Amino acid sequence: MLRRLPASLGLLAATLAWGSTFVVTKQSLSDMSTANFLAWRFGLAAALLLGARPRRILNLTGTDRRHGLLLGGFLACGFLLQTTALHDIDAGLSGFLTGTAVLLTPVVAWLAFAERIGRAGWAAVAICAGGLALLTTTGGSAAPVPVLLTLGGAACFAGHIASLSHWATPGNAYPLTAWSVAVAAILCGTVAVVGTGLSLPQTQAAWRSVGYLAVVATCAGLVVQAWAQSALTATTSAVIMTMEPVFAALLAAGIAGERLPAAGWTGGLLVVGSMFIAELGPRQCCDALSPRVECC
């Protein structure tokens, strides 16, 4: 009982950090190309994750390594699509749209792994669809292309979450995550080399952004999440983490001066409500151990 309050506050702080990544990333894109920025973000995070427990990585089986390649591909594609769209879309709107990954996850699990979706799951998808309709028609000046790119990124994140929940075990959850982050770094670095070329961040602000996202939002977030969920139920943890897109929108308004009209906020809250319903559904044993994609 005594651990629940600090655990809840710690997880809420981690969720706040994950919500801040939308604003931080958008502000960094003027200094670096999308692929270059992501290559350094994932590269630093992978170095820290792999360096913390190197023996765990060496013990991955061949099957786990192949799964990690696919998981890293989902991560790289998801973030490349989402971050590219951030050039032309508000950070708050991006947060709400990315949150639809939680709703798309059971659909992907149903299609790829024949997992059953209950009535609550389908109800959540329907509510989310209504929220998306409000967001994309009254949520500001968002053009259809960046909205579609962001939703495509959310679909990739859903593939990552569904696959990780299906393949992860208590023994391989950490090394599988670290390996997939390393694969994402390599893929983003390859895209950067083919495009404008891989180069070091050129400004102190860019270095601060990369360091913050890699160390605070990824590595520290993973540690806090693992500690907090050892004291909290999966339901409590899920409810806290549904605040991520709300934090993204609030920070975008407070820091970047972004504004959503009332109908846009209504649509965003419908998306969050649908996430709440989806997260309260049955959860596999490894869902609580596997990190959410936003923290990566």
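Reply: Cys77 counts as partly exposed, because its relative accessibility is 42%. On this scale, buried means under 20% relative accessible area, exposed means over 50%, and partly exposed lies in between (1.4 Å probe, protein chains only). This is a predicted model: local features need pLDDT of at least 70, side-chain atom pairs count only at pLDDT 80 or more, and totals for chains, interfaces and linings use all residues. Residues are numbered from 1 along each chain as its sequence is written, and side-chain values use heavy atoms, with hydrogens and water left out.

A disulfide needs a pair of cysteine sulfur atoms within 2.5 Å. A search of the whole structure turns up zero disulfides. Cys219 has 12% relative accessibility, so this cysteine counts as buried.

The largest nonpolar core has 42 residues, and Leu38, Phe42, Val181 and Cys188 touch the most other members. Such a core is a set of buried Ala, Val, Leu, Ile, Met, Phe, Trp, Tyr and Cys residues joined through side-chain atoms within 4.5 Å. Two or more residues come from each of α1, α2 (34-52), α4 (62-85), α8 (144-167), α9 (173-194), α10 (204-229) and α11 (234-241). Another core lies apart from this one; it has 24 residues, among them Val23, Leu86, Ala91 and Ala248.

The structure holds four aromatic pairs. Rings of Phe, Tyr and Trp (its six-membered ring) pair if their centres lie within 6.5 Å; planes under 30 degrees apart are stacked, over 60 edge-to-face, the rest tilted. Phe42 and Phe79 form an edge-to-face pair, at 5.3 Å centre to centre with 75° between the planes. Phe42 is in helix α2 and Phe79 in helix α4, so the pair links distant parts of the chain, 37 residues apart. Both Phe42 and Phe79 are buried. Ring pairs join Phe42, Phe79 and Phe157 into a cluster.

The protein chain has 13 helices and zero strands. Helices (H or I, at least four residues) and strands (E, at least two) are DSSP runs, numbered from the N terminus. Of the chain's 296 residues, 50% count as buried. Residues 24 or more positions apart account for 90% of the contacts with a separation of 6 or more. Contact means heavy atoms within 4.5 Å.

Thr25 is in helix α1. Its relative accessible area is 4%, so Thr25 is buried. Beyond neighbours within four places in sequence, Thr25 is in contact with Phe37, Arg41, Thr83, Leu86 and Leu213. Ser28 is also placed in helix α1. Ser28 counts as buried, because its relative accessibility is 2%. Leaving out residues up to four places away in sequence, Ser28 touches Phe37 and Ser209. The side chain of Ser28 makes a polar contact with the side chain of Ser209 at 2.7 Å. A polar contact is a pair of N or O atoms within 3.5 Å; within protein, one must be able to donate a hydrogen and the other to accept it, and residues adjacent in sequence count only if both atoms are side-chain atoms. The Ser28 side chain also reaches the backbone oxygen of Val24, at 2.8 Å.

Leu222 is in helix α10. At 13% relative accessibility, Leu222 counts as buried. Ala173 belongs to helix α9, and counts as buried at 8% relative accessibility. Its C-alpha atom is 10.0 Å from that of Asp64, 109 residues apart along the chain.

Last, helix α12. Glu244, Pro245, Val246, Phe247, Ala248, Ala249 and Ala252 are buried there. The helix has 13 residues (244-256) and should span 18 Å at 1.5 Å a residue; its end C-alpha atoms are 17 Å apart, which agrees. The expected span is 1.5 Å times one less than the number of residues. Gly257 follows α12, with a positive phi near 70°.
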